[in-house]
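This report is written for a reader new to the structure shown below. It goes through a few of its parts in turn.

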2 protein chains.
Amino acid sequence: MVVFAGQGDPRRSLTLLWRADASPPPRGGPGPRARLSVDAIVAAAVELADEKGMAALSMRAVGDRLGHTAMALYTHVPGKSELLDLMHDSVHAELPRHYPESDDWREALTTWAHEVLEFYVRHPWVLQVSQARPVLGPHEYAGLDTLVALLRATGLAAGTLRRLVGTLFPFVRGAAQAVADARLAAAATGSSDEEWWAVRSAALTELVPDFAERFPAVSRLEAEGPVDPYPGPGGDADPVPFPEREARETFRVGLGVLLDGIEAAVAAREAG
Amino acid sequence: MVVFAGQGDPRRSLTLLWRADASPPPRGGPGPRARLSVDAIVAAAVELADEKGMAALSMRAVGDRLGHTAMALYTHVPGKSELLDLMHDSVHAELPRHYPESDDWREALTTWAHEVLEFYVRHPWVLQVSQARPVLGPHEYAGLDTLVALLRATGLAAGTLRRLVGTLFPFVRGAAQAVADARLAAAATGSSDEEWWAVRSAALTELVPDFAERFPAVSRLEAEGPVDPYPGPGGDADPVPFPEREARETFRVGLGVLLDGIEAAVAAREAG
DNA sequence: CACTGATAGTTTACGACGTAAGGAATCAAC
DNA sequence: GTTGATTCCTTACGTCGTAAACTATCAGTG
């Protein structure tokens with residue numbers, strides 16, 4: 001399920017999002033001292049989502065984790081949508097925020113992409129937060145700002161830059177999704193990758209004997225095996241299971257292709 | 001919410017998925033004649049998801065649409081997960097399935113990408129079906145087969161092809177997501193794009209007066225305006241609202257960059 | 001000091017959801 | 001005509017987000 005965020009009052013949401021990061025107003029008004037806070041709630045919710053996944057994120061579960069009821073949260077947060085907005089922006093504080101020191105924009109973008117990939121892999125639930133009506137939080141803007149700054153070094157025009165941003169971010173998200181899915185598949189049902197595929201492919205070859213004729217291109221590709229590593233940093237032997245390794249390799253290749261394409265655009269601009 | 005599919009018995013799921021497309025076994029056994037069928041259920045569910053979105057897709061709603069109760073569906077379909085699998089594969093029958101007639105793989109891939117984009121835009125809920133543990137349905141395989149066949153024309157090695165498949169499909173999905181989100185944003189709250197943004201940006205400039213200093217790169221980019229259309233087929237004036245037009249333009253630019261990158265790989269292979 | 005009234009958190013409840021369990025209606029085969 | 005498989009419905013359970021009403025806790029006021 002994709003969870004939609006930000007349906008509520010935009011003013012309230014934005015105020016919560018942009019509340020000065022170090023201003024949890026410890027106002028001493030009347031009434032009992034607050035034992036809960038927005039930050040504590042968001043932190044607990046993020047922990048929960050990281051550990052158990054988006055499906056396990058319920059108001060009751062977040063409340064439990066804090067030793068309170070679900071309804072206690074509603075004093076501090078308007079609803080689940082807004083909590084999601086806050087979680088979303090909160091983790092985006094981990095996005096890289098360093099400006100290029102070298103002039104090698106290609107290397108800088110490569111580093112950036114890998115760091116963002118790891119970010120999404122650390123918080124795969126972020127990929128399930130709908131992007132419709134963007135949340136516009138401070139940390140997301142900061143992450144965006146970094147990428148724009150890195151892309152500036154290419155010298156391309158503003159319009160192109162904007163579209164490259166719109167291409168690179170989804171690309172990394174897609175790759176992260178693939179890695180996260182690979183991990184999920186490995187963890188699910190306790191069965192190993194091989195076992196999972198074995199059950200499926202056995203059933204498949206039985207149910208679809210004419211597979212090779214119906215899908216010649218795919219069949220041929222599968223027969224040719226996973227050779228021809230794309231030119232990239234030589235990988236050491238690692239204990240990463242095959243599907244995830246393949247997803248990461250796809251990421252590297254795709255990124256290389258994208259950067260080659262950007263390079264072509266830069267060359268064209270410099271030439272013409 | 002991202003809905004997970006395919007948790008149930010893999011045999012049962014696969015049998016349903018690959019049941020010969022024209023074999024709704026009209027077996028005459030004992031018992032009342034079935035007034036429902038897997039195909040009718042899947043069709044109704046797809047209609048519902050197309051019209052009202054994934055969030056509105058409940059077993060009760062699908063049953064209602066067919067003049068039955070929710071529980072009636074369980075005679076034909078093991079559960080919601082499997083129904084989602086079937087819906088997912090069912091719509092993938094719309095994916096392009098033509099093999100290249102010309103040798104111009106670039107043109108063929110461009111056409112392919114645009115057709116797939118339109119497919120996703122027609123059925124945006126497909127983008128919310130989790131890709132973990134792929135569904136392995138016949139129509140998905142067919143769509144995959146087409147892309148592989150198109151990519152073959154580049155002459156690249158099998159390993160590279162596999163990774164390009166893993167790059168191109170998510171790229172189109174990401175672009176479709178952006179278009180779908182743009183439409184959703186336009187439809188939501190009944191407010192126009194301008195109004196939506198006006199409320200937000202008014203609140204933003206009030207809440208964050210130092211925006212320009214905190215996010216210099218983004219600010220500069222916004223100041224430079226949406227100029228510099230990427231070289232592509234010149235667009236006529238159209239009534240498509242701005243955010244969607246921008247999303248589609250991003251798609252065109254991103255695709256161009258990707259294809260430039262593939263071209264570079266092809267050139268490198270032919271040279272070396 | 002007692003009292004007032006705002007605030008934090010709990011309890012209870014409602015209508016949605018997916019689906020398990022059991023019952024009623026229907027019909028081919030004997 | 002009876003049997004028994006099959007389709008579909010009814011009811012019910014435990015989950016969810018959250019509205020409404022309640023209680024408990026305190027700063028400020030007299």
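## The surface near DNA strand C

In this predicted model, helix H3 of chain B (residues 59-65) gives the most to the surface near DNA strand C, with three residues. There are 26 residues around DNA strand C. Those that come nearest are A:Gly31, A:Arg35, A:Met71, A:Ala72 and B:Ser58.

By class, the surface near DNA strand C is made up of twelve nonpolar, ten polar and four charged residues.

## Where chain A touches chain B

Between the two chains, 68 residues of chain A are in contact with 68 residues of chain B. On the chain A side, the elements that give two or more residues include helix H1 (10-18), helix H6 (138-152), helix H7 (158-187) and helix H11 (242-271). Helix H8 (193-207) and helix H10 (216-224) of chain A are also among them.

H7(A) gives the most to this side, with 17 residues. The side of chain A that touches chain B has 42 nonpolar residues, along with 13 polar and 13 charged ones.

## Helix H4 of chain A

Helix H4 of chain A covers residues 80-91, twelve in number. From first C-alpha to last the helix reaches 17 Å, close to the 16 Å expected at 1.5 Å a residue.

Ten of the twelve residues of H4(A) are buried, and the helix is mostly covered. Among the buried residues are A:Leu83, A:Leu84, A:Leu86, A:Met87 and A:Val91. A:Lys80, A:Glu82, A:Asp85, A:His88 and A:Asp89 are buried as well.

## Confidence in chain A

The pLDDT of chain A averages 87, and 83% of the residues score at least 70. Over residues 227-235 of chain A, the pLDDT is below 50. Beyond near neighbours in sequence, this stretch has 15 contacts in the model.

Terms used: Residues numbered from 1 in each chain as written. Chains lettered and ligands numbered in written order. Predicted model: local features only at pLDDT ≥ 70, side-chain atom pairs only at ≥ 80, totals over all residues. Near = placed C-beta within 6 Å. Helix = DSSP H or I, 4+ residues; strand = E, 2+ residues; numbered from the N terminus. Nonpolar A, V, L, I, M, F, W, Y, C, P; charged D, E, K, R; others polar. Contact = placed C-beta atoms within 7 Å. pLDDT = per-residue confidence, 0-100. Expected span 1.5 Å × (residues − 1). Buried ≥ 20, exposed ≤ 12 C-beta atoms within 10 Å, placed from the backbone.
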